[in-house]
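Have a look at it first, and then we'll go through it piece by piece.

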Number of protein chains: 2
Amino acid sequence: MNKLVKNAAGRMIPEIINGDKAIPFKGVGKHIPERKKFAPKIPSNIFYPADGNKQINNIKEALIKSGIRDGMTISTHHHFRNGDLIANLVFDIAHELGIKDLRWFPSASFPCHEHLIRHLENGTISHIEGSMNGPLGRFCSEGKMKKTAVLRSHGGRYQAIQDGEVQIDIAVIGAACADPFGNANGLNGSSASGLLGFALADSQYADKVIVVTDNLVQFPCVPWQIQGNYVDFVVEVEKVGIPEKIVSGTTEITKSPDRLLIAEMTAKFCEITDIIHDGFSFQAGAGGTALSISIFFAEIMRKKGIKARFARGGSNKYLVQMLEEGLIEYILDGQTFDLAGVESMKNNPNHVWTSPFTSYNYHSKGNFAGMVDVVILGATEVDLNFNANVVTHSDGYLLHGLGGWQNCLFSKTVILPIPLFRDRIPVIVDDVTTLCGPGELIDVIVTERGIAINPLRKDLIEKTKNSTLPLKTLKELKAEAERICGKPENPKLSENIVAAIKWVDGTVIDIVKQVKNED
Amino acid sequence: MNKLVKNAAGRMIPEIINGDKAIPFKGVGKHIPERKKFAPKIPSNIFYPADGNKQINNIKEALIKSGIRDGMTISTHHHFRNGDLIANLVFDIAHELGIKDLRWFPSASFPCHEHLIRHLENGTISHIEGSMNGPLGRFCSEGKMKKTAVLRSHGGRYQAIQDGEVQIDIAVIGAACADPFGNANGLNGSSASGLLGFALADSQYADKVIVVTDNLVQFPCVPWQIQGNYVDFVVEVEKVGIPEKIVSGTTEITKSPDRLLIAEMTAKFCEITDIIHDGFSFQAGAGGTALSISIFFAEIMRKKGIKARFARGGSNKYLVQMLEEGLIEYILDGQTFDLAGVESMKNNPNHVWTSPFTSYNYHSKGNFAGMVDVVILGATEVDLNFNANVVTHSDGYLLHGLGGWQNCLFSKTVILPIPLFRDRIPVIVDDVTTLCGPGELIDVIVTERGIAINPLRKDLIEKTKNSTLPLKTLKELKAEAERICGKPENPKLSENIVAAIKWVDGTVIDIVKQVKNED
């Protein structure tokens, strides 16, 4: 049996995960990498077409020429979000070829990938290492995956590839636009998703790289977000994604009065503490509450006559409007959530594409996260020490990915605006079901019934002490929720470990246990 | 004594160069790299400022913090061309610190670096690995350098760094614009040189990276041609370069009737052979003859009503005019030779910056060179088998660098427009003083007295056979030159090897011997 050890956060984690030695979380900023980056084989132009044309007939041929075989690691990416058509196709082909035990290494999975449950069941895919949203997370939670899932943040995924923790055999990169050499972008064409940053590490480090597009243009495909010099094969297909599911175009601000209140309180907090100052920077995100916060920020900035030096994306029409109005000098964008974002990125040189390398990789000589003045994030649970969970619900089900959440915790101020309870289940708990982010990095919790500041942030406490803000302790907020909803039940979990949660440095911060069958 | 072995081109090369085993040239496309790419140490954000501010006081402090010590490899770059102020300063400081035996690894050196001869003499610098133009080449030719110089093409320099043949301890990257995180570009500021592509490999693979700028801006410096995530220290100085020497602004077409004739014949050749066709691509270069050729190309394109898909830079005002006129869809640029080039790259999204990685690296999954329909290059000597020399003169002196010359030989058609003689010394010779490019890759020699087509290019011979072009053999052209100038004398060389010439795959294609003192 796999021995468990206690990590620095007090969580019990296995010594071995999927056959590899796991490094327990040692604390924030404590793990020093002692190795060298992963070194891919040196390629040579000798083995590539002299005229640069790497086009071949179809994905099946590309997979065969890439040497697909049992046990390999195949990566795909979530640029097309819930409109992705590639991942399902790749594993249908693998199944048809009789390949077994593939590790799927997506940058994230979406409900559209529920299709792959059949290949998890029939043995084509052994397990998933990547953020899971929805059905696949549920499948995993119920202990049906052959091996242990591994979840990483966007930055952690780059780190894992760069450091050789995950060696990708075949990366399949879907692109809205590409040329026969393999240069590709996500900007031009009917499947435009904005950018291809989540595939950057794959292109640099994977053994074989396949670019798939439904918009093949003559060399050069400009701009090249993926460089053809890293690409082995290019395949043209009729359709790489379902446009209306790639960018919904329906991102709207919240209409819930509670959520609007939370958004307004968050903005007010940032105003009173001077976090909103001339030349500041922020990252909000794409949920309804986050969008509302951007709008409140804009109002404050107009009132004060100041502007932000930059905002981090995920971008949307509200952020683009702020850029165009001159309230923001630059959008540094990781993904575009609507068509306004795609168009802006395409046409506005101040709407800049970034990647998990520039923004989030912890094993680099610094990244952008630390330079952001304030970041607004979500959470499913928070404990009294500000430790937070973002992947499991209080019933134990793994239903969300980490995204850039862990990486953003390194920003100067981290605020979690969250409702005090959801479906009558309190959000502030004694012990988070899954630890995703250490409390020392989380500064402020904003709820509809009060704001709690982390005692570590004496500066923020000082700045707000004579304000009208409804400041409370987490203990007070928790008691208030429990008065209304009652004390929540603990999730019913078995001892079977179904997933591991990596920290930004590749260490294991927690695990997820199988949810016990109700019968 | 160092044993010599004959390489596949019949040149005798040493088994060991500066203590490392040398791989003899094996023929074009024959050397298969069996190793892995160089793997830098994994860095961690832990060791970099949380707020991203890596600025320190001065270059001396940066060199000391980078751990400068005897025998290290220090790289600098030629983005500022003859206006560079950094390389001299770096080695002045190293000398002041009493450091010895540094290997200087510039992307190229210019006459302004004559200053460094003192540090070659006083032992601060042991030798140079990089293209040498002028005084340093002369110093090297006279056998005064402590170790053997090594010359590489732009692509070969990327390859050598990527493959770990040259491990850079400290890269010092001068930039017209940078932010305190280390993001940098060559576009904005009084020292604007266009781009920073020659420093790309250094940023990715060097142990320590120092960015030096005279135009420090608030984060983010956009666009970032060098990514701050690779940078250790940022230094602000008063002046990184002398603007009027960075871009001369005086690039002019040739006025020599002979050169104009050669240019016109070259263009005519490309017209008759349909090399100039709708959607074609070309690379000319920046010399007077090359500029004239671009102008003749433009005339033909206007006449035919066609346009080029792309032109490769070095860009200049003539190429920019063609882009703006719509004769060229894209300029894929490696360096900007005048202010018009810099401005265009800054403002025109179809004027795209490239790097030695995208354009030239032979140890990648293909590069841009092979996709160029025709490339126009220079040469100091050509032999009867189309083998060419571009680094030494017929008197044996090493006076030029390789630049992208070897890399461009992989284009679909390679044309060398050269005068039949220079200063009464014939250019077509029995045996080139230094072999830089194998004749099998060189297709056409255009001289003022006739055009010679490589017998391997039966297609071009066929297409021109009934034309009015003055077709001759190299033998005929050589005889003609010798009738006028007499048979040239062989250079007077000693047996001492002063420099090695690398081929694009890291093998040694030839060496340069010391010029014998005349007394």
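In chain B, S22(B) and strand S26 (residues 444-447) run parallel and are joined by three bridges. Strands here are DSSP runs of type E with at least two residues, helices are runs of H or I with at least four, and both are numbered from the N terminus. Two strands count as paired if DSSP finds at least two bridges between them.

How many residues of strand S22 (residues 413-417) of chain B are buried? Five of its five are, so to speak, under cover. A residue is called buried if 20 or more other C-beta atoms lie within 10 Å of its own, exposed if there are 12 or fewer, and partly exposed in between, with C-beta atoms placed from the backbone. Thr413(B), Ile415(B) and Pro417(B) sit on one side of S22(B), Val414(B) and Leu416(B) on the other, and both faces are covered.

## Reading the model

This is a predicted model, where local features need pLDDT of at least 70 and side-chain atom pairs count only at pLDDT 80 or more, while totals for chains, interfaces and linings use all residues. Residues are numbered from 1 along each chain as its sequence is written, and chains are lettered from A and ligands numbered from 1 in the order in which they are written.

Chain A has 15 helices and 29 strands. Its C-alpha trace spans about 70 × 60 × 45 Å along the principal axes, and 59% of its 519 residues count as buried.

Eight strands of chain A make an open sheet with mixed pairing, in the order S18-S17-S16-S15-S19-S22-S26-S27. Strand S18 (351-353) and strand S27 (450-453) are the edges, each pairing on one side only. From one strand to the next, the twist averages 20°. Helix H15 (residues 474-485) of chain A packs on this sheet, touching S26 and S27, and its direction makes about 145° with that of S27(A). For such angles, axes are lines fitted to C-alpha atoms (for helices over the stretch in contact), and values run from 0 to 180 degrees between N-to-C directions.

Now for the pairings. S26(A) (residues 444-447) and S27(A) are antiparallel over four bridges, with Val446(A) opposite Ile451(A). S22(A) is joined to S26(A) by three bridges in a parallel run, and to strand S19 (residues 374-376) of chain A by three bridges in the parallel sense. Five of the five residues of strand S22 (residues 413-417) of chain A are buried, so the strand is largely enclosed by the rest of the structure.

Which residues of helix H10 (residues 317-325) of chain B are buried? They are Tyr318(B), Leu319(B), Val320(B), Met322(B) and Leu323(B). Their cover includes helix H9 (288-304), S16, S17, helix H11 (339-347) and strand S18 (351-353) of chain B. Just after H10(B), Gly326(B) takes a positive phi of about 90°.

Chain B also has an open sheet of three strands, S21-S20-S25, with mixed pairing. Its edge strands are S21 (388-389) and S25 (428-429).

## Where the chains touch

In chain B, 49 residues are in contact with 49 residues of chain A; contact means that the C-beta atoms, placed from the backbone, lie within 7 Å. Strand S16 (308-312), strand S17 (328-333) and helix H12 (356-360) of chain B are the elements that give two or more residues to this side.

Technical notes: Contact = placed C-beta atoms within 7 Å.
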